[in-house]
Amino acid sequence: MERMSSKVDFRLSFLGRPTANDGVECMHGTAECLGNILLLCAAHYYPVPLSLPFAMCLENDYSNIPNEELVRQCALEHAVDFDKLNECASDQDTGLGLKLLRDSVERSIELGVRKSCTVRLAEKVYCVHDGDWKECPKGPGVNDLVVEIEKLYNSQDF
């Protein structure tokens, strides 16, 4: 993504269910929702070359999300301001973090995404990970995705 970030509109979208009072219910509970909010706040404030490595750092220890020590460590490693993330995630006045999550969940629903992780490219499903990579007609590898992005980016149709 670092190489391709200028050629794609990279967005995280999460699965969940909108609830009353503009809330969201996540499949694995409140901790998952908070972790998703932290990732969305990072993506909101930082460009992909910073926010994506931060997200990957958290995901590498996903069972400990949203443990403050893990979040602080990943933030420090990837030049992400922990206080800014914390404010975004917990701000009751603006509700920014929850709004980002709700918008993300509604986007997933609108696009018909049912599996995490679903990779979309040029408004279409490119590949789905459901225990293993599936539905990947162009191939599931990183290089396969890069080649396809380059082709689309250099074509007249993109």
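1. With -75° about the S-S bond, the link of cysteine 57 and cysteine 74 is left-handed. The two sulfur atoms lie 2.1 Å apart, a disulfide being a pair of cysteine sulfur atoms within 2.5 Å. Cysteine 57 belongs to helix α2 and cysteine 74 to helix α3, so the bond ties together parts that are 17 residues apart in sequence. Cysteine 57 is buried at 13% relative accessibility, and cysteine 74 is buried at 0%. The terms used here and below are: buried, under 20% relative accessible area; exposed, over 50%; partly exposed, in between (1.4 Å probe, protein chains only). Helices (H or I, at least four residues) and strands (E, at least two) are DSSP runs, numbered from the N terminus.

2. This is a predicted model, in which local features need pLDDT of at least 70 and side-chain atom pairs count only at pLDDT 80 or more, while totals for chains, interfaces and linings use all residues. Residues are numbered from 1 along each chain as its sequence is written, and side-chain values use heavy atoms, with hydrogens and water left out. The protein averages a pLDDT of 88, and 97% of the residues score at least 70; pLDDT is the predictor's confidence in each residue, from 0 to 100. Confidence is lowest in β5, at a mean of 84, and highest in α3, at 96.

3. The whole structure holds 4 disulfides, and with bonded cysteines counted along the chain their pattern is 1-2, 3-6, 4-5, 7-8. Cysteine 26 is joined to cysteine 33, S to S 2.0 Å. This link is right-handed, with 110° about the S-S bond, and both of its cysteines are buried.

4. The disulfide of cysteine 127 and cysteine 136 has an S to S distance of 1.6 Å. Its torsion about the S-S bond is about 80°, so the link is right-handed. Cysteine 127 and cysteine 136 are both buried. The sulfur of cysteine 117 has its closest cysteine sulfur in cysteine 127, at 8.3 Å, too far for a bond. Cysteine 117 is partly exposed, at 35% relative accessibility.

5. Helix α1 (residues 30-45) has 16 residues and should span 22 Å at 1.5 Å a residue, which agrees with the 22 Å between its end C-alpha atoms; the expected span is 1.5 Å times one less than the number of residues. Its buried residues include Cys33, Ile37, Leu40 and Cys41. Among the elements that cover the buried residues of α1 are β2 (23-25), α2 (48-59), α3 (68-77), α4 (82-90) and α5 (96-111).

6. Two loop residues other than glycine deserve a look. Asparagine 21, in the loop between β1 (17-19) and β2, has a positive phi near 60°. Asparagine 21 is exposed, with a relative accessible area of 77%. Glutamate 135 lies in the loop between β5 (133-134) and α6, and its phi is also positive, near 55°. At 58% relative accessibility, glutamate 135 is exposed.

7. The peptide bond between isoleucine 65 and proline 66 is cis, with omega about 5°. Proline 66 sits in the loop between α2 and α3.

8. Glutamate 148, in helix α6 (residues 142-154), is buried, with a relative accessible area of 12%. Leaving aside neighbours within four places in sequence, glutamate 148 is in contact with Leu121, Tyr126 and Lys138, where contact means heavy atoms within 4.5 Å.
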